Protein chains: 2
Amino acid sequence: MHPAIDFISTFTEISEQEMRTIIGLLHTSSHKKNELIYRQGSIPKRASFIIKGAVRSFYNDENGNERNTAFYFENQPLIPFDSFAEQIPVSVNAITLEPTELIWTSHNEFFGFLESFPKYEKVLRNILSKYLSMQSEKMKIQRISSARDRYEMLNKMQPEIIKRVPLKYIASYLDMTLETLSRVRAAKL
Amino acid sequence: MHPAIDFISTFTEISEQEMRTIIGLLHTSSHKKNELIYRQGSIPKRASFIIKGAVRSFYNDENGNERNTAFYFENQPLIPFDSFAEQIPVSVNAITLEPTELIWTSHNEFFGFLESFPKYEKVLRNILSKYLSMQSEKMKIQRISSARDRYEMLNKMQPEIIKRVPLKYIASYLDMTLETLSRVRAAKL
DNA sequence: TTGATTATTTGACCTATATCAAACTCTTTC
DNA sequence: GAAAGAGTTTGATATAGGTCAAATAATCAA
């Protein structure tokens with residue numbers, strides 16, 4: 001079966017016709033490691049879904065340092081939700097961490113589908129709502145004051161990140177230096 | 001004119017009929033200072049809008065300390081967006097900072113209206129999108145590493161908060177202690 | 001108005017984490 | 001499979017901001 005269909009299925013029943021329409025709107029693209037998927041400040045043209053690979057999103061802070069905001073893996077949507085619907089500039093960059101296969105649909109295709117099948121308005125709302133509540137959770141984790149506790153919470157909630165992502169990216173994601181992260185992991189702090 | 005109508009007007013044209021319908025769905029409520037508007041963990045029953053007053057939202061962190069997540073003033077919606085649509089438990093508490101007048105509509109009324117006037121699906125999406133992009137901005141501010149810079153950014157972006165909210169609440173909002181905030185303000189740090 | 005409560009400031013001290021520097025280890029690539 | 005380049009660890013040192021305690025200032029309720 002199609003992984004994007006599987007994903008949508010967790011939110012709604014999909015009819016045969018809807019399924020065919022959705023599959024008809026999907027394109028694929030391959031990306032090598034360290035390839036830019038979208039750029040901060042650009043208007044996002046695609047809503048993507050990861051078939052294989054991994055992606056990180058980041059921005060450059062006031063000192064020019066990269067600050068990672070999220071990591072995405074297979075079977076997850078890769079959509080800048082805060083800017084895709086209303087076509088406002090994206091707040092972060094997205095770049096592959098590994099060779100990555102994506103499927104995607106354009107803004108026009110996406111919202112054209114939504115007009116043809118208005119029941120999916122609710123699905124989209126559902127997805128957005130889930131995304132929002134994940135963001136709330138994430139903010140709480142990021143606000144934990146001790147570096148060690150932030151690391152341990154990440155280890156508990158999203159161990160895959162620790163297994164798959166180089167520590168230097170995880171460090172900025174957890175708002176600590178690489179050295180502190182290393183010491184925290186070695187339980188030397 | 002009605003402040004909630006004014007607010008919605010910034011996102012769409014409103015017909016006479018729609019306006020009458022909307023106004024028909026609005027209820028009012030008065031709250032004294034330090035009154036709980038919604039409780040963390042509860043299912044949010046109301047989408048509110050502040051006519052007069054101020055509200056803060058917070059949760060209790062791992063050490064039991066209150067951590068403020070937002071401040072809301074007149075002419076702003078007070079809706080737990082991450083939980084209202086899908087009726088999942090709210091992630092924070094909301095409590096008045098001053099005597100406050102709200103108008104509100106229930107979840108049923110809200111989504112009933114949306115079914116009668118499907119064009120407002122887009123309005124809702126627009127509002128959510130704006131909210132999401134504000135959240136992204138806010139996370140960036142909260143991740144600025146120097147306490148003084150976080151304070152100065154808040155002073156620049158939302159000076160009303162500093163004018164109206166007691167420092168102890170602002171301190172936790174900015175992820176610093178009350179003492180540090182006091183010193184930062186006195187430029188002694 | 002006054003006493004009580006709440007909010008804010010100031011001081012002294014301490015500690016978690018940043019910074020800087022260097023070593024070590026693991027991956028690519030030619 | 002050697003050399004180059006990432007990625008990670010370790011050590012020494014510095015410092016921003018936390019903690020605890022007390023003084024002052026502002027606000028509130030009777």
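The model is predicted.

**Exercise 1.** Find which element gives the largest share of the surface near DNA strand D, and sort the residues of that surface by class.

Step 1. Take α9(A): its 5 residues are the largest share of the surface near DNA strand D.
Step 2. Sort that surface by class. It has 7 nonpolar, 4 polar and 6 charged residues.
Step 3. Pick out the nearest residues. Of the 17 around DNA strand D, these are Leu167(A), Ser182(A), Ala147(B), Thr177(B) and Thr180(B).
Step 4. Assign elements. Two or more residues each come from α8 (167-173) and α9 (178-185) of chain A, and from α6 (147-157) and α9 (178-185) of chain B.

**Exercise 2.** Which of the 17 residues around DNA strand C come nearest?

Step 1. From chain A, take Ala147(A), Thr177(A) and Thr180(A).
Step 2. α9(B) has the largest share, 5 residues.
Step 3. Sort by class: 7 nonpolar, 4 polar and 6 charged.

**Exercise 3.** Describe the side of chain A that touches chain B.

Step 1. Count contacts, with C-beta atoms within 7 Å as the cut-off. Here 25 residues of chain A are in contact with 25 residues of chain B.
Step 2. Find the elements. α3 (81-84) and α5 (119-142) of chain A each supply at least two residues.
Step 3. Name the main contributor. α5(A) gives the most, with 11 residues.
Step 4. Sort this side by class: 9 nonpolar, 7 polar and 9 charged residues.

Notes: Residues numbered from 1 in each chain as written. Chains lettered and ligands numbered in written order. Predicted model: local features only at pLDDT ≥ 70, side-chain atom pairs only at ≥ 80, totals over all residues. Near = placed C-beta within 6 Å. Helix = DSSP H or I, 4+ residues; strand = E, 2+ residues; numbered from the N terminus. Nonpolar A, V, L, I, M, F, W, Y, C, P; charged D, E, K, R; others polar. Contact = placed C-beta atoms within 7 Å.
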